[in-house]
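Thanks for coming. I have one structure to go through today, so please look at it while I talk.

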Amino acid sequence: MAKLYINEKKKKGRINPEIYGHFSEHLGRCIYEGLYVKEDSGIPNKNGMRTDVVEALKEMQIPVLRWPGGCFADEYHWMDGIGPKENRKKMINTHWGGVLEDNSFGTHEFFELCEQLGCKTYINGNVGSGTVQEMSEWVEYMTFNGVSPMADLRRKNGREEPWKVDYFGVGNENWGCGGNMTPEYYANLYRRYQTYIRHYDKAAPIRKICGGPNVDDTNWTEKVLETCYAKPHGDHKFHGFMDGLSLHYYVHPGGWDDKGSATEFDEKTWYKTMYKALYVEDLINMHGAIMDQFDPEKKIGLIVDEWGDWFDVEPGTNPGFLYQQNTMRDALVAAVSLNIFNKHCDRVKMACIAQMVNVLQSVILTEGEKMLLTPTYHVFHMYKKHQGAELVESSLLENVMTGNEDEEVPALQESVSVQEDGSLLVTLANLSVSESFPVQIALAEMKPSEVKASILTNAMDAYNTFDEPEKVKEAVFEDVTVTDRGVSFTIPACSVVSLEIR
């Protein structure tokens with residue numbers, strides 16, 4: 001029997017809601033068809049935003065949305081996406097599929113979407129092919145409330161009041177598609193560009209995100225921080241030019257050129273995927289140790305703003321659209337990743353799964369008027385009460401290892417938080433595809449009187465289709481017993497369980 005000990009009195013830090021963030025890029029059918037449709041398309045919408053998708057995302061409690069990229073961000077020129085739609089510049093999306101980009105979804109549309117969702121905004125600016133002036137004027141256009149050329153242009157285009165930009169990323173993957181830069185070169189550009197991201201509203205400053213490493217490139221992290229982190233001068237303590245440093249990590253069981261099928265895989269591939277998913281914790285520790293040298297007070301957040309599974313596209317679809325199905329394997333990857341982010345909430349301040357609709361590890365898939373929720377969606381829904389809660393100490397004893405001989409993973413993995421009303425949220429993942437495990441939860445002082453539990457479980461390769469959209473879905477988990485000291489139950493193989501304990 002596995003024993004989960006929870007010390008609900010030992011709080012270890014606040015779980016930022018933004019850890020449950022999402023990413024939307026001008027890529028494939030993420031924006032167009034997924035989030036945004038023509039108002040006369042016949043698909044129910046409000047100002048072009050799909051009503052069904054917006055309502056599902058609100059129910060999931062999306063906290064922040066990143067846009068417009070990704071690789072697309074460093075070829076995006078924001079003035080192409082403002083003004084009357086019929087006058088907007090048409091171009092070819094050279095990064096993703098070579099299709100026409102008509103810029104009908106631009107700055108105004110993004111903020112309209114975020115206002116409907118009730119979420120924070122994360123804008124990614126163009127360093128790779130854009131100028132300091134362009135980035136500075138975009139910030140002015142979005143956030144300045146006075147008299148200026150850009151504020152006047154915003155008003156001319158129909159928006160009187162400025163918007164709130166919560167986060168601004170200065171470039172994206174500038175070690176790769178964002179310019180193939182060296183860390184020293186990018187870091188100096190970052191220092192320059194971020195200077196002109198003005199805080200026009202002093203009461204609501206923009207948090208600046210510096211472009212961080214690709215996977216385990218610790219040299220990038222070290223060189224960028226050496227250049228961008230200002231040391232204290234005398235009595236004046238200055239904590240650098242950034243509020244966050246990004247990290248990108250994708251999980252694929254094969255090599256970069258052989259990612260494997262999203263739906264057809266064996267148990268060995270399953271465990272290889274879980275093994276690689278757990279590696280994100282090593283990356284957090286690795287880069288976090290370097291960040292600690294410069295920022296021991298953890299004022300700079302590690303921003304995992306691209307993460308998730310990346311498999312081969314579905315057969316017959318445009319390879320540049322990155323459309324893939326979503327199975328229980330994806331659900332377990334989401335569960336263990338979010339548990340890891342929760343448990344490192346002292347350093348990880350935001351994470352954005354890639355991507356929200358119809359691209360990579362999506363939470364929603366659409367096909368014309370049809371929409372379905374993926375297994376990954378249900379994990380986010382089961383975990384949503386972690387947002388803004390306090391992480392508490394937890395540990396699993398008598399947990400067994402499972403998997404491949406050289407790629408073993410712990411069978412069970414968890415995170416626990418306490419809500420403002422004193423209730424606990426326990427999220428537990430069973431990574432074994434074949435074994436169920438009895439679990440006994442022991443609490444330090446709390447004597448539970450009620451447990452509300454839900455479960456997501458099915459075959460490892462099960463997924464939802466438009467003909468069978470609810471094959472994999474969250475369900476009530478009733479086989480839970482309240483004891484004097486805690487809770488006991490058996491967690492099925494290949495499952496995610498969420499328990500609210502009062």
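The lining of the largest cavity draws at least two residues each from β11, α7 (267-294), β12 (301-309) and α8 (328-343). Helices here are DSSP runs of H or I with at least four residues, strands are runs of E with at least two, and both are numbered from the N terminus. The helix α8 gives the largest share of that lining, 3 residues.

Before I go on: this is a predicted model, where local features need pLDDT of at least 70, side-chain atom pairs count only at pLDDT 80 or more, and totals for chains, interfaces and linings use all residues. Residues are numbered from 1 along each chain as its sequence is written, and side-chain values use heavy atoms, with hydrogens and water left out.

Back to the cavity. On a 1 Å grid over the protein atoms alone, a cavity is a set of points where a 1.4 Å probe fits but cannot get out; a pocket is an open set with protein on both sides within 12 Å along at least five of seven lines; lining residues have an atom within 4 Å of a point. Grid points are joined across faces, edges and corners, and a volume is the space filled by probe spheres set on the points.

The structure has 3 cavities of 30 Å³ or more, and the volume of the largest cavity is about 50 Å³. Its lining includes Y249, V251, W307 and F341. By class, that lining has 7 nonpolar residues, 2 polar and no charged. Nonpolar means Ala, Val, Leu, Ile, Met, Phe, Trp, Tyr, Cys and Pro; charged means Asp, Glu, Lys and Arg; the others, Gly among them, are polar.

What about the largest pocket? Its space is about 440 Å³. It is lined by 23 residues, and Y32, Y36, K38, D102 and S104 lie nearest its centre. That lining divides into 8 nonpolar, 6 polar and 9 charged residues.

Now the strands. A barrel is closed by 8 strands in the order β2-β5-β8-β9-β10-β11-β12-β13, with parallel pairing; two strands pair if DSSP finds at least two bridges between them. Within it, β9 (residues 167-170) and β10 (residues 207-210) are joined by 4 bridges, and Y167 has R207 as its bridge partner in β10. Next, β10 pairs with β11 (residues 244-251) over 2 bridges, also parallel, where the partner of I209 is G244.

Finally, the protein as a whole contains 9 helices and 26 strands. Its C-alpha trace spans about 65 × 65 × 45 Å along the principal axes.
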